[in-house]
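Subject: Structure handover

Hello,

Here is the structure for your files. My notes follow below it.

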Amino acid sequence: MAPSLFGAIRLSGKLRSALFMISPAIHIIMGLVMSKATASPIVPRALPDYTTSEAGNPFVEGWYADPDTEIYDGLYWVFPTSSYAYDEQTYLDAFSSPDLINWTKHPNILTIADVTWATRAVWAPAPIFRNGKYYLYFGANDIQEGEPEEGKIGGIGVAVADKPEGPYVDAIGKPLIGDYHNDAQPIDQDVFIDDVDGQAYIYYGGHSHANVAKLNEDMISIGTFDDGTQYKEITPENYVEGSQMIKRNGIYYFMWSEGGWQGPDYAVSYAMSDSPLGPFNRVAKILQQDSAVATSSGHNSVMHIPDTDIWYIVYHRRPLSETDGNHRVLAYDRMYFNDDGTIASIQMLVKDNFANGQMFDWKTYGGDWTVADQRLTIPSTGDARAFLDTNFTDVVFDATVSITDGSGDAGLVFRAANLSTGANEFAGYYACISAAGTVTLGKADIGTWTSLGETTMEVSVSTEYNIRVRAIGSDISVFVGDLTTPQVTATDETFIGGANGVGVRGTGAKFGSVSVAKAS
Ligand SMILES: *[C@@H]1O[C@H](CO)[C@@H](O)[C@H](O)[C@H]1NC(C)=O
Ligand SMILES: *[C@@H]1O[C@H](CO)[C@@H](O)[C@H](O)[C@H]1NC(C)=O
Ligand SMILES: *[C@@H]1O[C@H](CO)[C@@H](O)[C@H](O)[C@H]1NC(C)=O
């Protein structure tokens, strides 16, 4: 976007809203924010229309879980739990982005030093804007049933700030919801404002019970329903925790997590209703572990790009090779609705175009790997590989490869196991090009390299080639440049599944536009 337009955007909130196609609700928020002459950066951005986090998942570095999202002041925000032992969960960080690609970390937006009654287990922050203020609801202390009666303090608190990045301060000096109601542990809240009447609701609950309550206009006190009650149980079938409410085309979608968060089968399901109070009848599980990509996918939020039908599910998951329960990372994928309003099953896609300048999703074995100009780059090196934490069997694996110097080869590695830093030490297949003018499909078995097929092809140094590997059962094809006719094919059944990566032997290289998908 041209600098002059950037200037115009700064000057006019209305023009800015029109340009960014902001929905009425957000427009009001933006108007309020703009009128406060906020110092927040206003960054022009294109409409984020992606299939997944195309710069790689996780989209930020570090152990985080339970993300909730908002759009504040033209930026996308993610507020997660810091994923460590309960006693170390004493602070919250947030992340903001103009484009869902590059994220800025805002550390310590809320810490237990700001909340007199909170000591540990600060969980699952839920952000929302109202009354010219930024509210952040959070769980703290992990209280158990019976403990409030014994005088132990904990539950869902509410903090408030003048800016999205805080600092957030405790708004009421005690928990907003500090007791069990309907057997629901007071944690894992989502706050939702209905566009029909401006009524705010808090959906929450752990220990397999979910409640909804009204929030009063002040956003820091619980309202009362017409029947005089304050907490309505809405627990759907299989509900465990992680409440989330969204609305689309007048339909209320209640989403939640099922299974144990430490185990691999943590998952997200949803219900649909024409009322914010339910009933919420479980429709389907839509996000779950994939043995090729990640486990424990759950505790979601939803990012809706205003005035579009572009939706993302933002969630946490555990990388395949991680076993520690707290080793959870933030990810997002596209969420599609079917014509009948139901939500299509989410596919956790594996892509990395390196547009964020990062390689959070890669582990390297030898060599000095960096990201530059949207390419994973390695200077001339004897043997080096970089791997995604994947385990695909039937796979279509795409990337661009260019050889930058040296006389060796560079290419894709797949169905790889026993990854290690030692030279040649992995087991799996590779498909590579060499500056000498060859395309080779081979297998490596802990230092023993065997060619399965080879052809000649002119390979120019510093020219980028599209390489595709298609491996279905024992049939393996390698495409270079032309993605319709394979250059090399072979039949081999030594390796059934394993990690995907890139590597070099005796050369420098650049890799880009990585995509690993299940072969259909
Ligand atoms: C994102 O970060 C990369 C790497 O630092 C940079 O090259 C790129 O320009 C950034 N994109 C935006 C939109 O700021
Ligand atoms: C990858 O998946 C295969 C089954 O397809 C399994 O046998 C193997 O143990 C897995 N590898 C890892 C590292 O989990
Ligand atoms: C990886 O190493 C283990 C232990 O040495 C071995 O049992 C296994 O067969 C190896 N896997 C592959 C694919 O070579």
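Where is the place of Gln 199? Gln 199 sits in the loop between β9 (190–193) and β10 (200–204); strands here are DSSP E runs of at least two residues, numbered from the N terminus.

First, the conventions. This is a predicted model, where local features need pLDDT of at least 70, side-chain atom pairs count only at pLDDT 80 or more, and totals for chains, interfaces and linings use all residues. Residues are numbered from 1 along each chain as its sequence is written, chains are lettered from A and ligands numbered from 1 in the order in which they are written, and side-chain values use heavy atoms, with hydrogens and water left out.

Gln 199 counts as buried because its relative accessibility is 19% (buried means under 20% relative accessible area, 1.4 Å probe, protein chains only). Leaving aside neighbours within four places in sequence, Gln 199 is in contact (heavy atoms within 4.5 Å) with Phe 192, Ile 193, Asp 194, Lys 214 and Leu 215.

Next, ligand 3. Around it are Ala 417, Asn 418 and Ala 427 (a heavy atom within 4 Å). An oxygen atom of ligand 3 lies 2.3 Å from a side-chain N or O atom of Asn 418. Alone, ligand 3 exposes 360 Å², and the protein buries 33% of that (Shrake-Rupley, 1.4 Å probe).

Last, the second largest pocket. Its lining has 27 residues. Nearest its centre are Pro 58, Pro 319, Phe 360, Asp 361 and Asp 389. A pocket is an open set of points on a 1 Å grid over the protein atoms alone, where a 1.4 Å probe fits, with protein on both sides within 12 Å along at least five of seven lines; lining residues have an atom within 4 Å of a point. β21 (362–365) is one of the strands that supply at least two lining residues. β21 gives the most, with three.

Best wishes

Note on methods
A polar contact is a pair of N or O atoms within 3.5 Å; within protein, one must be able to donate a hydrogen and the other to accept it, and residues adjacent in sequence count only if both atoms are side-chain atoms. Helices (H or I, at least four residues) and strands (E, at least two) are DSSP runs, numbered from the N terminus. Buried means under 20% relative accessible area, exposed over 50%, partly exposed in between (1.4 Å probe, protein chains only).
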